[in-house]
Amino acid sequence: MFPSSSREFTENHHKSLKFNSLVKHSTRNLLHEVDLLRIAASLKLEQKHKGTLGQFFTPASVAELMAGMFNKPNLPRISLLDAGAGVGSLIAAFVGNLCQQQQRPASLDIVAYEIDPFLIKYLHQTLELCARECQLAGISLNYHIRNQDFIQDAVRLLQPSVFDNPDHSRFTHAILNPPYLKINAQSQVRGLLRSLGLETSNLYTGFMAATAQLLQPGGEFVAISPRSFCNGPYFKDFRRMFLGMMALDQIHLFESRQEAFNDDEVLQETIIIHAVKQKQKFDRVFITTSSSADDDFVMTNSLAYAEIVHPHDAQQFIHIIPDTLSQQVIQQMTNFTCTLKDLRLTVSTGRVVDFRAKEYLRLIPEKSTVPLIYPLNLSAGYVEYPKVTKKHQALVYAEETISLLVPNEHYVLTKRFSSKEEKKRVVAVVYDADRVNCDWVGFENHLNYFHQDGKGLDITLARGLAAYLNSSLVDAFFRLFNGHTQVNATDLRNLKYPTIEQLINVGLSIGEHFPSQQEIDQLVQELLRMTNQFDNNPLIIKARIDEALQILVELGLPRAQLNERSALTLLALLDLKPNDPWSAAASPLIGITPMMEFMAQHYGKSYKPNTRETVRRQTVHQFLDAALIITNPDAPERPINSPKTVYQIEESVLELLRTYGSSEWEKSIRTYLSSVETLKQRYAQERELSRIPVVIEGEVKTLSPGGQNVLIEKIINEFAQRFTPGGRLIYIGDTDEKFAHFNELALQDLGVTVDAHGKMPDVIIHHLKNNWLVLIEAVTSHGPINPKRKKELQSLFAEIKIPLVMVTAFLSRKAMVEYLADIAWDTDVWVAEDATHLIHFNGEYLLQTYKV
């Protein structure tokens with residue numbers, strides 16, 4: 001027997017484990033429920049209304065990521081501020097994270113600002129759910145909703161008579177997704193922000209500054225915002241204020257502009273920052289990067305604070321450097337030291353604002369007109385003029401337009417805006433005056449132009465300058481410090497350039513036809529050789545990664561594997577370093593951890609150790625399916641899930657890849673693909689051969705093989721015949737084609753119109769005898785009907801005229817056990833291996849409806 005103390009410890013330990021498990025499950029439900037409120041509110045709010053207030057609601061995955069960036073709490077009392085709460089997604093994530101901590105505060109006070117009256121009811125619901133969560137975790141929660149303008153109230157609270165009052169408590173924590181909205185210089189809010197000592201042109205920085213001021217010393221701040229505040233003249237005042245009182249601790253980047261707010265059309269590059277209110281700066285700042293908030297393949301970098309914010313930089317730019325490759329880009333750029341002033345060059349914005357000169361615009365050149373150049377005229381390194389387009393191509397030469405024109409001489413033009421996810425941020429061309437017969441020319445306002453005191457450049461200098469601006473090195477550098485789609489004249493003024501002699505030397509290599517990207521980069525690399533800074537060239541590293549990615553494209557890998565992670569994995573499997581020729585590719589035995597070490601050592605890409613599983617699941621498995629690699633050739637009997645598992649490139653694939661970049665590549669890839677079909681083709685053939693036949697309304701249809709469709713076949717042939725005899729099959733999902741069968745009219749007869757591309761259940765059956773609509777989810781890899789999914793289905797079928805029944809189906813009891821804690825009450829469970837039985841959660845009958 002255990003001694004009394006040991007037995008007591010064991011019992012308490014089991015109780016603690018049970019309690020923590022209960023809290024974790026409850027927290028997951030909290031976040032699901034609040035995210036449903038977010039979706040419901042977003043659907044009801046028109047996009048135009050959201051844009052008026054600058055609203056972009058925070059998805060649950062982003063909210064969880066932000067809440068996880070706070071330090072572990074060590075305070076008896078926490079006071080949290082959310083200055084633009086919306087439906088309360090960030091608050092729910094903060095509460096959920098707090099309740100899962102081993103050490104929790106005794107009390108939590110929340111102040112939530114929300115100016116939109118429509119959202120207040122949703123915010124109330126969220127905070128009530130949070131109160132329930134805190135009660136379960138033993139935390140006393142008090143909350144206050146302030147349906148008023150945050151900036152106005154912040155100005156009041158920051159008055160010395162209020163702020164210095166001992167009864168006025170400042171906040172220990174702040175979490176924030178501020179509204180993104182440009183503010184007019186004469187607006188009331190601009191005046192209020194000036195009273196706080198801030199001059200800014202966008203509301204989001206105003207919210208961030210006021211929130212930071214309301215924190216107590218040592219208070220923590222987490223915000224998601226556009227990256228644009230990190231550089232440029234418009235946000236200099238904000239950077240001065242914010243960095244003066246806050247110390248940056250962590251910055252999180254998203255690789256894609258589209259992922260963080262994928263429900264909204266957000267062009268801005270988005271970041272999350274964690275900072276602490278203190279004068280003393282941290283020794284190092286952590287930079288993390290992921291493709292999306294729920295992507296667990298996270299790249300990490302740690303930099304000295306002085307590398308992020310240079311101590312003697314009057315602009316206080318925030319340099320976000322995600323990896324060592326980026327550090328090498330910066331190092332390479334230090335070899336170019338000239339400013340435009342040193343070169344006696346100037347860059348300006350095009351003078352012609354077309355809507356202001358509307359009466360002088362002409363679609364085609366006419367007598368007494370001059371050329372008008374738009375971004376669409378930029379083509380292959382030069383200006384194509386005139387061009388057949390709906391845009392006006394000429395401007396009337398008149399006294400009113402003379403000030404909009406420049407002499408017809410040689411210039412370098414750059415686009416001011418890059419399109420969403422465009423490959424290159426900086427696009428430059430030469431305006432060659434010898435190609436256009438005129439005395440004057442107009443450049444439209446969406447262009448920048450380089451000139452010498454209003455006059456043109458030497459043509460050789462113009463060609464060299466355009467080539468430099470178009471180089472991959474400049475593009476990579478520019479992307480590091482430019483977080484939006486604009487390339488402003490100020491950004492180009494802040495860039496450093498080669499000397500006049502170096503630019504002319506590059507220009508001498510360029511003729512009437514502009515060089516390719518590879519040729520441009522070689523010209524810039526030649527400049528680096530001249531400065532003895534060619535080792536560890538980041539352009540070579542980037543080019544090698546791009547080559548590996550192109551190989552995966554030509555091999556036919558699915559879109560999900562056409563990314564940097566898969567390219568680096570392929571290079572690790574080949575032991576191919578940046579400067580190695582493809583003919584040197586090898587086939588070492590290598591495990592997942594050594595692959596990630598290879599990526600860090602040779603390609604400057606360091607990832608969190610706990611992301612190994614992502615490499616295994618999202619890349620290595622697909623390489624195995626494509627027969628690109630083999631497993632454990634040294635010990636075939638070794639289990640695939642062994643920590644000693646190794647992989648090796650397949651022999652014929654190795655021979656193929658050794659020819660990449662040579663004259664034999666095209667022939668080799670055709671030969672390889674003729675004997676081994678591309679992955680897409682082979683998958684298609686295998687699926688067709690092994691599709692699962694089912695009979696629907698007397699017609700034989702087939703489902704794609706494997707996955708949940710094995711279970712769906714059993715639902716149709718066993719569950720339906722036994723529990724809904726004579727029922728009508730209305731909908732059957734198929735992983736390949738979204739659905740294999742959809743009787744839309746039958747569903748409309750029951751009062752429901754739904755989008756088949758929405759979140760439909762896997763099977764829908766109309767139980768004719770009982771007049772029930774039975775919704776079935778087949779669980780093989782995704783979850784069951786949990787409370788979140790139950791609410792989704794309730795919402796989807798809200799207009800139904802008959803009762804609903806919800807069923808989760810599993811292949812086996814073992815599979816069911818994994819999800820028991822998640823299954824929603826008042827739903828049923830069917831297990832295919834015990835096909836004659838049903839389990840009803842909290843009801844008198846095996847199959848029954850619940851009240852809608």
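Trainee: Which residue in β15 stands opposite R362?

Mentor: A394 in β15 stands opposite R362. Please keep in mind throughout that this is a predicted model.

Trainee: Why are β11 and β16 called edge strands?

Mentor: The open sheet of five strands has the order β11-β15-β12-β19-β16, with mixed pairing. Both β11 (361-362) and β16 (405-407) pair on one side only.

Trainee: Where is N377 placed, and why is N377 called buried?

Mentor: N377 lies in the loop between β12 (369-373) and β13 (378-379). Its relative accessibility is 0%, and buried means under 20%; therefore N377 counts as buried.

Trainee: What does the side chain of N377 reach, and which residues does N377 touch?

Mentor: The side chain of N377 reaches the backbone nitrogen of Y374 at 2.9 Å. Not counting residues up to four places away in sequence, N377 touches L372, Y382, V383, E384, Y385, K387 and Q393.

Trainee: How many disulfides does a search of the whole structure find?

Mentor: The search finds zero disulfides.

Trainee: Why is R156 called partly exposed?

Mentor: Partly exposed covers the range between the buried cut-off of under 20% and the exposed cut-off of over 50%. R156 has 42% relative accessibility and therefore counts as partly exposed. R156 is placed in helix α6 (residues 150-157).

Trainee: What makes the approach of R156 to D153 a polar contact?

Mentor: The side chains of R156 and D153 make this contact at 2.8 Å, and the cut-off is 3.5 Å between N or O atoms. The C-alpha atoms of R156 and L192, 36 residues apart along the chain, are separated by 9.9 Å.

Trainee: What is the strand order in the open sheet of nine strands, and which are its edge strands?

Mentor: The order is β3-β2-β1-β4-β5-β7-β6-β8-β9, with mixed pairing. The edge strands are β3 (140-146) and β9 (299-304), each of which pairs on one side only. The twist averages 15° from one strand to the next.

Trainee: Which helix packs on this sheet?

Mentor: Helix α3 (residues 60-67) packs on the sheet and touches β4 (171-176), β5 (215-226), β6 and β7. The direction of α3 makes about 150° with that of β5.

Trainee: How do you know that β6 and β7 are paired?

Mentor: Seven bridges join β6 (residues 246-254) to β7 (residues 270-277), and at least two are needed. The two strands run antiparallel, and L253 stands opposite I271 in β7.

Trainee: Why is Y305 called buried, and which residues is Y305 in contact with?

Mentor: Y305, found in helix α11 (residues 305-308), has a relative accessible area of 9% and is therefore buried, the cut-off being under 20%. Leaving aside neighbours within four places in sequence, the contacts of Y305 include L243, M246, K281, F282 and V285. The C-alpha atoms of Y305 and K281 are separated by 7.2 Å.

Trainee: What makes helix α14 mostly covered?

Mentor: Eight of the 10 residues of α14 (residues 472-481) are buried. Among them are L473, F477 and F481. Over the protein chain of 852 residues, 54% count as buried.

Trainee: What is the mean pLDDT of the protein chain?

Mentor: The mean is 84, and 86% of the residues reach 70 or more. Over residues 1-23, however, the pLDDT is below 50, and this stretch has 12 contacts in the model beyond near neighbours in sequence.

Note on methods
Residues are numbered from 1 along each chain as its sequence is written. This is a predicted model: local features need pLDDT of at least 70, side-chain atom pairs count only at pLDDT 80 or more; totals for chains, interfaces and linings use all residues. Side-chain values use heavy atoms; hydrogens and water are left out. A disulfide is a pair of cysteine sulfur atoms within 2.5 Å. Helices (H or I, at least four residues) and strands (E, at least two) are DSSP runs, numbered from the N terminus. Buried means under 20% relative accessible area, exposed over 50%, partly exposed in between (1.4 Å probe, protein chains only). A polar contact is a pair of N or O atoms within 3.5 Å; within protein, one must be able to donate a hydrogen and the other to accept it, and residues adjacent in sequence count only if both atoms are side-chain atoms. Contact means heavy atoms within 4.5 Å. pLDDT is the predictor's confidence in each residue, from 0 to 100. Axes are lines fitted to C-alpha atoms, for helices over the stretch in contact, and angles run from 0 to 180 degrees between N-to-C directions.
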